[in-house]
Amino acid sequence: MRRLTALALALVLAAPVAAEKHPGMEALIAEIAGSDQARAAELRALLNGAEKRQGIIDAMTRPAEAKPWHAYRPIFLTEDRINQGADFYNKHRVLLERFETRYGVPGEYVVSIVGVETFYGRIMGSWKVIDALTTLGLYYPPRQPYFRGELKQFLELPRQRQVTLDLASVKGSYAGAMGLGQFMPTSYLKWAVDEDANGRIDLWESPEDALASVANYLKEHGWVAGGPVTAPLTATPGARRLRDTGLDPVFPLSQLVEWGYQPPAGATLSPEQAANLLALEDAPEHLAYHAIFANFRVITRYNRSPLYAMAVHELAQAIKARAEGRSAP
Ligand SMILES: [Ca+2]
């Protein structure tokens, strides 16, 4: 027994230690490939072709969500983005109405997300996804567990579902998000759909697949068909000042009213409607209050920032209004 152990140890020590190109690369390959040497070689070739990009780490450290709302909002609520959103909405109206029936998600929210994420497919990212995920998964300790997991999912993508991607060359955002709706690999695996039923999920060239995937993502994260997203609230004098109460709809609307926050006159909201309170700095040193509901929470599943969700909501409303104005005879 002891001799065997010694022999095994000697073999290990004698084996040539290949210097890995990226720290932790071999451990990752072993996790995915197990004892499948051919698979390991394939993954090694892919990862040896990946590059660490400092520009990706730099981009991660200055997210737009660090801005206050009054500086964040103008990035997305531009005339250009609203007009192009209205055109995009009208162009895909039949599809969007079909998805609204099937997934319960209004088309303007799907279009708005695609508008915020990629300017309706104009800017889908110019980084190689393999570089982005290798850089963040193996060289970026603050978010390493998450991005290492996404790198693993990415490497598994072509083997799992109707996905035909060239992993070595496919492009995405600096965070590795792909296609019109900027799906991370895990989302691609779990929630992307082959809506046009051609046997492959294409989130770049097939608006049907890409838009249905966004609608399906929202549905699967709990979108309530016909439910409200937000409502403006007016703080009465003496309104209770609250610390951050989170984003989950855990209070009945009547509780917010009791705290001194009034919904607009004539609003058709039930006092029992599950809500939370969100304060956003709409001007320097000035807070605007909003009731946020379950569907607002669902949008933050796409991007956890409440600023993001509010931008998506406001852009959706603006797109819908403009699309209707434009399509009127
Ligand atoms: Ca398809």
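This report describes the overall make-up of a predicted model and then some of its parts.

## Overall make-up

The chain contains 15 helices and 7 strands, and its C-alpha trace spans about 85 × 50 × 35 Å along the principal axes. Of the 329 residues of the chain, 39% count as buried. When contacts between residues at least 6 apart in sequence are considered, 68% of them join residues at least 24 apart.

Helix H9, which covers residues 129-139, is largely enclosed by the rest of the structure, because 10 of its 11 residues are buried. These buried residues begin with the run Val-129, Ile-130, Asp-131, Ala-132 and Leu-133, and they also include Thr-134, Thr-135, Leu-136, Gly-137 and Leu-138.

Which elements do the buried residues of H9 pack against? Among the helices they pack against are helix H2 (25-33), helix H3 (37-48), helix H4 (54-60) and helix H10 (144-160), while strand E1 (127-128) and strand E2 (171-172) are also packed against them.

## The open sheet

Five strands form an open sheet in the order E4-E6-E7-E3-E5, and their pairing is antiparallel. At the edges lie strand E4 (251-252) and strand E5 (261-262), each of which pairs on one side only.

Within this sheet, strand E6 (residues 274-283) and strand E7 (residues 286-292) run antiparallel and are joined by 7 bridges.

## The largest nonpolar core

In soluble globular proteins, nonpolar side chains tend to be buried together. In this model the largest nonpolar core has 85 residues, and of these Val-110 and Val-312 touch the most other members. Helix H15 (residues 306-327) gives the most to this core, contributing 11 residues.

Leaving aside residues up to four places away in sequence, Val-312 touches Tyr-109, Ser-112, Ile-113, Val-116 and Ile-299.

## Val-94 in helix H7

Val-94 is found in helix H7, which covers residues 93-103. Is Val-94 buried or exposed? A residue counts as exposed if 12 or fewer other C-beta atoms lie within 10 Å of its own, and Val-94 has 9 such atoms within 10 Å, so Val-94 is exposed.

The C-alpha atom of Val-94 is separated by 9.8 Å from that of Gly-107, and these two residues are 13 residues apart along the chain.

Methods:
Residues are numbered from 1 along each chain as its sequence is written. This is a predicted model: local features need pLDDT of at least 70, side-chain atom pairs count only at pLDDT 80 or more; totals for chains, interfaces and linings use all residues. A residue is buried if 20 or more other C-beta atoms lie within 10 Å of its own, exposed if 12 or fewer, and partly exposed in between; C-beta atoms are placed from the backbone. Helices (H or I, at least four residues) and strands (E, at least two) are DSSP runs, numbered from the N terminus. Two residues are in contact if their C-beta atoms, placed from the backbone, lie within 7 Å. Two strands pair if DSSP finds at least two bridges between them. A nonpolar core is a set of buried Ala, Val, Leu, Ile, Met, Phe, Trp, Tyr and Cys residues joined through C-beta atoms within 7 Å.
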